[in-house]
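Here is a short report on one protein chain.

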Amino acid sequence: MTNTINGKRVNQIITFLKSLKIRSKRFTEIIANKDISVIQGFNQALIHSSHDKIINYEKLEFFGDAVLRLAASNFIEKKYPQMSVGERSELRAQIVSDEWLTKLGEKIDIEKLIIKGPKALGDENSKNTIIGEATEALIGAVYKCFNSIKEVNLWLDDIWEEDSEIFLKAPYK
């Protein structure tokens with residue numbers, strides 16, 4: 001596979017990125033300009049290793065893990081400055097968990113854009129894992145697009161606002 005993507009795929013990714021509703025002028029401009037290098041970065045976040053061993057979401061997923069924890073820490077610091085460090089750690093663990101990532105991936109319907117190889121296509125047991133991993137890779141791609149955590153927080157803070165209240169009311173469910 002080469003690192004070029006066709007016009008149909010570019011349009012799918014742009015439509016998907018618009019659906020994330022990241023309230024950022026910079027993000028809106030990047031989508032409007034159809035910057036192919038940026039689009040390719042997002043495309044990579046949506047390719048499973050069963051499809052391509054070299055160009056896939058694994059590196060972005062690894063990066064996204066750290067970005068997600070930092071973005072969640074920023075959110076908690078702003079929203080709950082009175083919380084103890086232990087309480088912050090517990091809340092962060094909830095809002096960056098694999099389960100949370102999978103739910104977010106389902107909410108944004110990321111699965112329809114993930115390119116999988118034949119083996120992964122037929123594996124129902126790994127479906128949720130792949131959704132969560134691709135979602136984490138997408139978070140890494142948003143960060144790398146701007147080299148900034150700002151757009152990640154602009155996207156996820158509203159979601160965390162709602163989810164953190166649910167977790168704080170019933171923390172271990």
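How many salt bridges does the structure hold? The structure holds nine. A salt bridge here is a side-chain nitrogen of Lys or Arg within 4 Å of a carboxyl oxygen of Asp or Glu.

## Basis

This is a predicted model: local features need pLDDT of at least 70, side-chain atom pairs count only at pLDDT 80 or more, and totals for chains, interfaces and linings use all residues. Residues are numbered from 1 along each chain as its sequence is written, and side-chain values use heavy atoms, with hydrogens and water left out.

## Salt bridges

Asp-157 pairs with Lys-78, with 2.9 Å between the closest N and O atoms. This bridge links distant parts of the chain: Asp-157 sits in helix 9 (residues 150-169) and Lys-78 in helix 4 (residues 58-79), 79 residues apart. Helices (H or I, at least four residues) are DSSP runs, numbered from the N terminus. Asp-157 counts as buried, at 12% relative accessibility. Lys-78 counts as exposed, at 57%. Buried means under 20% relative accessible area, exposed over 50%, and partly exposed in between (1.4 Å probe, protein chains only).

Glu-161 forms a salt bridge with Lys-79, the closest N and O atoms being 2.5 Å apart. This pair also links distant parts of the chain, with Glu-161 in helix 9 and Lys-79 in helix 4, 82 residues apart. Glu-161 is partly exposed at 33%. Lys-79 is partly exposed at 30%. Elsewhere, Lys-116 bridges to Glu-111, with the closest N and O atoms 3.6 Å apart. Lys-116 is buried at 13%, while Glu-111 is partly exposed at 30%. A network of salt bridges links Glu-111, Lys-116 and Lys-127.

## A buried asparagine

Asn-56 lies in the loop between helix 3 (36-44) and helix 4. Is Asn-56 buried or exposed? Asn-56 is buried, with a relative accessible area of 4%.

Two backbone oxygens lie by polar atoms of the Asn-56 side chain: that of Asp-52 at 2.8 Å and that of Lys-53 at 3.2 Å. Leaving out residues up to four places away in sequence, Asn-56 touches Gln-44, Ile-47, His-48 and Ser-49. Contact means heavy atoms within 4.5 Å.

## Aromatic rings

Rings of Phe, Tyr and Trp (its six-membered ring) pair if their centres lie within 6.5 Å; planes under 30 degrees apart count as stacked, over 60 as edge-to-face and the rest as tilted. By this rule there are six aromatic pairs. Phe-27 and Phe-42 are edge-to-face, 6.4 Å centre to centre with 90° between the planes. Phe-27 is in helix 2 (residues 25-33) and Phe-42 in helix 3, 15 residues apart. Both Phe-27 and Phe-42 are buried.

Why does the pair of Phe-63 and Tyr-143 count as tilted? The ring centres of Phe-63 and Tyr-143 are 5.4 Å apart and the planes are at 50°, so the pair is tilted. Phe-63 lies in helix 4 and Tyr-143 in helix 8 (residues 127-146), so the pair ties together parts 80 residues apart in sequence. Phe-63 is partly exposed at 29%. Lys-144 lies over the face of Phe-63, 4.5 Å from the ring centre. That label needs NZ of Lys or CZ of Arg within 6 Å of the ring centre and within 35 degrees of the ring normal. Phe-75, Tyr-80, Trp-100 and Trp-160 form one aromatic cluster.

## Nonpolar core

The largest nonpolar core has 55 residues, and those with the most contacts inside it are Leu-17, Phe-42, Trp-155 and Leu-156. Helix 8 gives the largest share of this core, eleven residues. Such a core is a set of buried Ala, Val, Leu, Ile, Met, Phe, Trp, Tyr and Cys residues joined through side-chain atoms within 4.5 Å. Not counting residues up to four places away in sequence, Phe-42 touches Ile-13, Leu-17, Phe-27, Leu-138, Ala-141, Val-142 and Cys-145.

## Helix 6

Which residues of helix 6 are buried? They are Trp-100, Leu-101, Thr-102, Leu-104 and Gly-105. These buried residues pack against helix 4, helix 5, helix 8 and helix 9. Asp-109 follows helix 6 and has a positive phi, near 60°.

Terms used:
Helices (H or I, at least four residues) and strands (E, at least two) are DSSP runs, numbered from the N terminus. A polar contact is a pair of N or O atoms within 3.5 Å; within protein, one must be able to donate a hydrogen and the other to accept it, and residues adjacent in sequence count only if both atoms are side-chain atoms.
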